[in-house]
Amino acid sequence: MKIFISADIEGIAGIASWEEARQTSLDYPYFAEQMTEEVAAACEGANIAGAKEIVIKDAHGSGRNIDPSRLPENTKLIRGWSGHPYKMIDGIDESFDAIAFIGYHSHGGSDKNPLAHTINSSVVDYMKLNGEYLSEFLLHSYLATYLGVPTVFLSGDKGVCQEAKRFNENIITVVVSKGKGASSRSIHPNKSIKHIKVGMEEALKGDLAKNKVELPNKFSLEIRYNYHGNAYKNSFYPGVVQNSQKSIIFETDDYFEIMRAASFLI
C-alpha cells in the first residue's frame, strides 16, 4: 500500500494557544515534538497494516515542523510549500491507496477549538462549501476524493472528528481534545500516540472501498473575510460574485477550480 499523510499542529494533544503553534515562541518546541510523535505513530500503524511507502506533507505554518529522523525509513517527508493549489496535501496523486490526516482542527467560525480556523485566521472569518462550514480537513478530503483516493483516518479535536463522520461514517477518528471557550481539554499525549497507532492500523486493514464517496455535481464556495476590503478586491477574480460587504461566492462544477480559487482568494 502507498499511503499519504497530511499533518497539522492545531489539533494535536494538549495544544491550546496560538503561541504554542508559532516557531518564534518558547512554547513551540514541545508541540512540534508532539506533532512529530503523532505522525510517527500513524506511520507505525500504517506499516503494521502493510504500507510499503508513506508520503507525509508537513502542513503547518512554515511546513518545517516534523523531525524526519523520528520517522520510519519507508517515509518521504515534504517540507515547505511549493505554491501548488493542492496546498496541505501537495504531493498527492491518483497512485495513493489512502490518505490520513493528523493533528487537524475545527473550521473557522467554530467554538470547538480555541485555535479553530480555515487556512488563514488573520484574513478569513469562515469558509463554506455548498452552504456547509468548511474545515481544512474537508477542503482537502474533497480533493482526495476528486483524485480517487479514499480518506481513511483522522485525528484532532472533537469538532473536526464529528465533521469527518458526517462526510463518511467509515473514517476512523481519534479525538485528542475538545474545546471550551478559549481552553482545550486533552487526553494524555502518550495516550493520543497509542490511539493514533491503533486507529491507523485499523483504518488500513478495513475495506477501503467503503471510504470512497461521491462528489457533488456542483460546488459553491463562500469566503467571509475579516476585512471588507478583501471581499471587494477579490470580487474581481474570474467567476467571483461579492454577496455581502465581507463575503464572496465562487461557483464551479470542477473541484480543482475550488482549490485554485482558494489559492488566490485567501
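Predicted model: local features only at pLDDT ≥ 70, side-chain atom pairs only at ≥ 80, totals over all residues.

User: Which strands pair with β7, and in which sense?

Analyst: Strand β4 (residues 98-104) pairs with β7 in the parallel sense over 4 bridges, and Ala100 stands opposite Phe153 of β7. Strand β8 (residues 172-180) also pairs with β7 in the parallel sense, here over 5 bridges. Within that pairing, Gly156 has Val175 of β8 as its bridge partner.

User: How should I describe two packed helices?

Analyst: In general, the angle between the axes and the distance between the axes describe such a pair. Helix α1 (residues 28-48) and helix α4 (residues 189-205) pack at an angle of about 30°, with their axes 7 Å apart. Angles under 35 degrees count as roughly parallel, and α1 is therefore roughly parallel to α4. Their crossing is right-handed. Residues in the contact include Tyr30, Gln34 and Ala41 of α1, and Ile193, Ile196 and Met200 of α4.

User: What are the angle and the axis distance for helix α2 (residues 136-146) and helix α6 (residues 255-265)?

Analyst: These axes come within 9 Å and cross at roughly 140°; α2 and α6 are therefore oblique to each other. The crossing of α2 and α6 is left-handed. The contact is made by Leu138, Leu139, His140, Tyr142, Leu143 and Tyr146 of α2 with Tyr255, Phe256, Ile258 and Met259 of α6.

User: Finally, where does Ile89 lie, and which residues is it in contact with beyond its neighbours within four places in sequence?

Analyst: Ile89 lies in the loop between β3 (75-78) and β4. The cut-off for burial is under 20% relative accessible area; Ile89, with a relative accessible area of 0%, is therefore buried. Setting aside neighbours within four places in sequence, Ile89 is in contact with Phe4, Ser6, Ile99, Phe101, His140, Leu143 and Ala144. Ile89 and Ala144 are 55 residues apart along the chain, and their C-alpha atoms are separated by 8.3 Å.

Note on methods
Residues numbered from 1 in each chain as written. Heavy atoms only, no water. Pairing = 2+ DSSP bridges. Helix = DSSP H or I, 4+ residues; strand = E, 2+ residues; numbered from the N terminus. Axes fitted to C-alpha atoms, helices over the stretch in contact; angles between N-to-C directions. Parallel < 35°, antiparallel > 145°, perpendicular 65-115°, else oblique. Left-handed = near helix turned anticlockwise from the far one by under 90°. Contact = heavy atoms within 4.5 Å. Buried < 20%, exposed > 50% of the residue type's maximum accessible area, 1.4 Å probe, protein only.
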